[in-house]
Amino acid sequence: MTTVTLDRLTHYINGKKVEGKNDLVGYVYSPSTGQKIATVPFASAEEVDETVQLAKEAQAKWAKVSVGKRIQVLFKFRQLLVENTEKLAIQIGKENGKTISDAKGEIARGIESVDLAIGAPDILKGEHSVNVGGEINAYSMKQPLGVVTCISPFNFPIMVPLAMSTMAVAVGNAMILKPSEKVPYSALFMSELWEEAGLPAGVWNVVNGDKDTVNALITHKDIEAISFVGSTNVAKIIYETGTKHHKRVNAFGGGKNHMVILPDADMDKTVDSFIGAAYGSASQRCMAISVAMPVGQKTAEVFTQKLKEKVKDLKPGAYDDETANFGAVISAEAKQSILHAIDEAVEEGANIVVDGRNPDVENKEGFYLGATLLDNVTPNMKVYKEEVFGPARQIVTVDSIGEAIQLINDHPYGNGVTVFTNSGRDARKFTQEIEVGMVGVNVPVPIPVGYHNFGGWKDSRFGEGQMFGPDTARFFTKTKTVSERWFDQSETDETNFDFPSS
Ligand code: NAD
């Protein structure tokens, strides 16, 4: 038996790699092999507090650096992300399991958030009104909040932290990122790039840990804002606890994303779109399509037949297997829970059209699942009501576009949805009436580009305002409005007890 030496990961605090101070550690696995690859320290409340204090000192200085100088660091950071894309993609593949080409797509999407944050000088411009009354000028300014935290999920080890944190740093905050304990390498890699880009020590920090570390962060008196991305159950906890402690909170949860297929849709294009959007990244995307919703029996028959032929040929594989369509799922537990969801669906009357439960893969220890397609799924089934974060996708047939809209609107999740059709009128009705935050028309994964806002509705998001786009700058700043007048020494003094008016 070969003994594998585990990497011993650290935190990144105040510009340095910092060892954990207690015995609490987690293990990082490589989903492609199923092997443990590293230990990751879990920060205690005391370690969190020390980090916050250091970040506070750094933030006070960083906020005074001109925004023009701050974004010079971002320019360099962007360049380093581009130069290190290959290395970073391999790292993401190792810890997350996704294929290298998928990881490169993730990095490119993450860089869009840096592009947006480079626009901070423009975004931070305030409003100015001259002579609002009595030679008074009024103007507003956007100021940073202070020390803020981001808590990120496993499925986008680099894109989500970049989207959550880059603007926060650009507008003058100090950031403490708590990455998913399942994928801590990418956050540490990112820390090295920030350091090389010239970001002052303490402005960017990574504390590793689990829920106890998160709890210490979100209840800390000097943390001003919390940005969370993860599952809905945890998003609710973060929102409730954070707001109870008077923090600004935005918490993004899970999704159940539908693709509605109208009878006039181009069926071959629709099938290809569904496959990529549904099974890409082993379906571990919050915007992955989970449900195909053909309208009418005839549409369902044609769609299912064409889809089945292609889904059965999909192949999972190791992150560096160039022939794989997608990688392994994140953990042995995740694999079990997806298998359980399939079994339950069958018990409730669903029909397995393509069975991916025992995929033909080289490494039997890896957390692999093939593409599974379930038909005859009905809205009362658990598999339809809950998010299944893995490659088990479902077909729910409806009779009309109205029924499709009603079912989707009744679903607790409201992250993404898409409609495939050639009818402008139906598409318009759909986009107007659907109660979902991100909508596509003939677009398989309607994730908005980095300079538009991102965010679901209903149980897919808790808190005000969206994120990733311009709303990120609003979330991470507070507005101050100044009314100012300069006395003319020749004016006579007089006291006025009336309420000021223009
Ligand atoms: P998760 O909720 O298990 O974990 C997310 C983060 O929360 C991790 O950093 C984890 O350490 C921490 N955490 C876990 N349990 C906690 C608890 N009880 N208290 C405090 N913190 C806790 O999510 P995950 O499995 O890493 O990610 C997958 C989920 O994230 C899916 O549901 C997916 O849909 C969702 N997601 C949503 C979006 C979005 O933008 N809406 C984007 C990506 C992923």
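**Cores, domains and local geometry of a predicted model**

N131 is partly exposed, with a relative accessible area of 49% (buried means under 20%, exposed over 50%, partly exposed in between; 1.4 Å probe, protein chains only). N131 is not a glycine, yet its phi is positive, at about 50 degrees. The residue lies in strand β6 (residues 128-133). Strands (E, at least two residues) and helices (H or I, at least four) are DSSP runs, numbered from the N terminus. The structure is a predicted model, in which local features need pLDDT of at least 70 and side-chain atom pairs count only at pLDDT 80 or more, while totals for chains, interfaces and linings use all residues. Residues are numbered from 1 along each chain as its sequence is written, and side-chain values use heavy atoms, with hydrogens and water left out.

A282 also has a positive phi without being a glycine, here of about 55 degrees. A282 sits in the loop between α10 (267-279) and β14 (289-294). With 1% relative accessibility, A282 counts as buried.

The protein is divided into domain 1 (7-253 + 460-481) and domain 2 (257-441). These bounds come from an automatic or database domain assignment. The C-alpha centres of the two domains lie 31 Å apart. Their contact (heavy atoms within 4.5 Å) takes 24 residues from domain 1 and 23 residues from domain 2.

The largest nonpolar core holds 70 residues. Such a core is a set of buried Ala, Val, Leu, Ile, Met, Phe, Trp, Tyr and Cys residues joined through side-chain atoms within 4.5 Å. F77, L81, W194, L199, W204 and F476 touch the most other members. Helix α6 (residues 159-170) gives the most to this core, with nine residues. Domain 1 and domain 2 both contribute residues, so the core lies between them. W194 is in contact with V73, L74, F77, T166, V169, L199 and W204, leaving aside its neighbours within four places in sequence. Another core, of 63 residues, lies apart from the largest one. Its members include L314, A371, V383 and I395. In soluble globular proteins, nonpolar side chains tend to be buried together.

Three strands form an open sheet in the order β1-β5-β4, with mixed pairing. Two strands pair if DSSP finds at least two bridges between them. The edge strands, β1 (7-8) and β4 (25-30), each pair on one side only. β1 pairs with strand β5 (residues 35-41) in the parallel sense, over two bridges. D7 stands opposite A38 in β5. Helix α7 (residues 184-197) packs on this sheet and touches β1, β4 and β5. The direction of α7 makes about 55 degrees with that of β5. Axes are lines fitted to C-alpha atoms, for helices over the stretch in contact, and angles run from 0 to 180 degrees between N-to-C directions.

A parallel pairing over five bridges joins strand β11 (residues 223-229) and β12. S227 stands opposite N250 in β12. Four of the five residues of β12 (residues 248-252) are buried, so this strand is largely enclosed by the rest of the structure.

H258 lies in strand β13 (residues 257-261). H258 is buried, with a relative accessible area of 0%. The side chains of H258 and Y384 are joined by a polar contact of 2.7 Å. A polar contact is a pair of N or O atoms within 3.5 Å; within protein, one must be able to donate a hydrogen and the other to accept it, and residues adjacent in sequence count only if both atoms are side-chain atoms. Not counting residues up to four places away in sequence, H258 touches I289, V291, M293, Y384, I408, H411, G416, V417 and T418.
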